[in-house]
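Have the sequence and the 3D view open side by side as you read. We'll take the walk one stop at a time.

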Amino acid sequence: MTVSPPDERTCKPHWSLARTWLLQPGLPGFVAAENTDVDVVVLDIEDGLPDARKADGRRAVAEWLHGGGSAWVRINSATSPQWNVDLAALASAPGLAGVMLAKAESADDVAATAARLPAGTPIVALIESALGIEYALDIARRCSRIAFGLGDFRRDTGMSADPAVLAYPRARLVIASRAAGLPAPIDGPTLRDQSRHLARETEVAKAAGMTGRLCLDAAHAETINTLLSPSALEIAEARQTLARLDEPGGPYDGSAGPTRARAEAVLDLAAKLGVR
């Protein structure tokens, strides 16, 4: 896929490279957290709002997007009665940057959503259930990027938060994304009251091959962005690797191609994110 350069006005990376996706409840009177370290602001009118406030939140978000604001919006699942109302209110909003579709469980969920939006509107499919994991590749072939709805997935399956237990679903999402030609997926968030685990959980996501994380607290963005970007050491090692491989008579065997590709990928990502 073609990746756009960072927005020169905001220095924010393109959504395909975004590391932090802040889920901000779209309550009436909200102020979008745009002037923060987060890469993408997602106004949440799904689980971020109690049922009794959904109509008011939807109206407030739609008015803001029609009035000059711009953001992504997390909408309710395609099986929810709220889904149709969400799309009716938001599809024509000029400030709608993209849609995060909650609880996606089939390619049809994504296709039906895309059919209600202006052509080219990016859709991030939130996979939050066992059924969603089983259909991950089909979903990936119809959306723009995948995110892991960790809390609802654990509720659906009874799995613990142990990284070893969740290695399988994470791997399924990473492999499905790659097979479908998508950017790497977005991992679930660290809860506000679990900030002490933020760095460790972000390292787990990175080790799994994920390049973004959902975020519930804008204060988490700096740590996530730093850890999900190539470090100075990783950049230096990538350069050293390429120099070693390019030496006359340098090492060359069956591993040289993959080793070069990994080093080039580090430097390419660093350049796209503006990391030096």
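Here is a short tour of some strands, some aromatic rings and one asparagine.

First, some ground rules. This is a predicted model, so local features need pLDDT of at least 70 and side-chain atom pairs count only at pLDDT 80 or more, while totals for chains, interfaces and linings use all residues. Residues are numbered from 1 along each chain as its sequence is written, and side-chain values use heavy atoms, with hydrogens and water left out.

Let's get our bearings with a record. UniProt, in an unreviewed entry, places the feature "domain: HpcH/HpaI aldolase/citrate lyase" at residues 36-217; such annotations may be inferred rather than shown by experiment, and their names are shortened and their positions given in the numbering used here. That span is 41% helix and 17% strand, and its end C-alpha atoms lie 11 Å apart. Helices (H or I, at least four residues) and strands (E, at least two) are DSSP runs, numbered from the N terminus.

Now find strand E2 (40-44). How many of its residues are buried? Five of five are, where buried means under 20% relative accessible area, exposed means over 50%, and partly exposed is in between (1.4 Å probe, protein chains only). In a regular strand the side chains alternate between the two faces of the sheet. In E2, Val40, Val42 and Asp44 point one way, and Val41 and Leu43 point the other way.

Two strands pair if DSSP finds at least two bridges between them. E1 and E2 pair in the parallel sense over five bridges, with Trp21 standing opposite Val40. E2 and E3 also run parallel, joined by three bridges, and here Asp44 stands opposite Arg74.

Next, the rings. A pair of aromatic rings is described by the distance of the centres and the angle of the planes. Rings of Phe, Tyr and Trp (its six-membered ring) pair if their centres lie within 6.5 Å; planes under 30 degrees apart count as stacked, over 60 as edge-to-face and the rest as tilted. The structure holds four aromatic pairs. In one of them, Trp21 and Trp72 have ring centres 5.0 Å apart and planes at 85°, so the pair is edge-to-face. Trp21 sits in strand E1 (residues 20-25) and Trp72 in strand E3, 51 residues apart, so this pair links distant parts of the chain. Trp21 is buried at 0% relative accessible area, and Trp72 is buried at 5%.

Phe30 and Trp64 make another edge-to-face pair, with 5.5 Å between centres and 65° between planes. Phe30 is in the loop between E1 and E2, while Trp64 is in helix H1 (residues 54-66). Is each one buried or partly exposed? Phe30 counts as buried because its relative accessibility is 15%, whereas Trp64, at 23%, is partly exposed.

Our last stop is Asn76, in the loop between strand E3 (71-75) and helix H2 (81-90). With 5% relative accessibility, Asn76 counts as buried. What does its side chain touch? The side chain of Asn76 makes a polar contact (a pair of N or O atoms within 3.5 Å; within protein, one must be able to donate a hydrogen and the other to accept it, and residues adjacent in sequence count only if both atoms are side-chain atoms) with the side chain of Asp86, at 2.8 Å. A polar atom of the Asn76 side chain also lies 3.2 Å from the backbone oxygen of Ile45.
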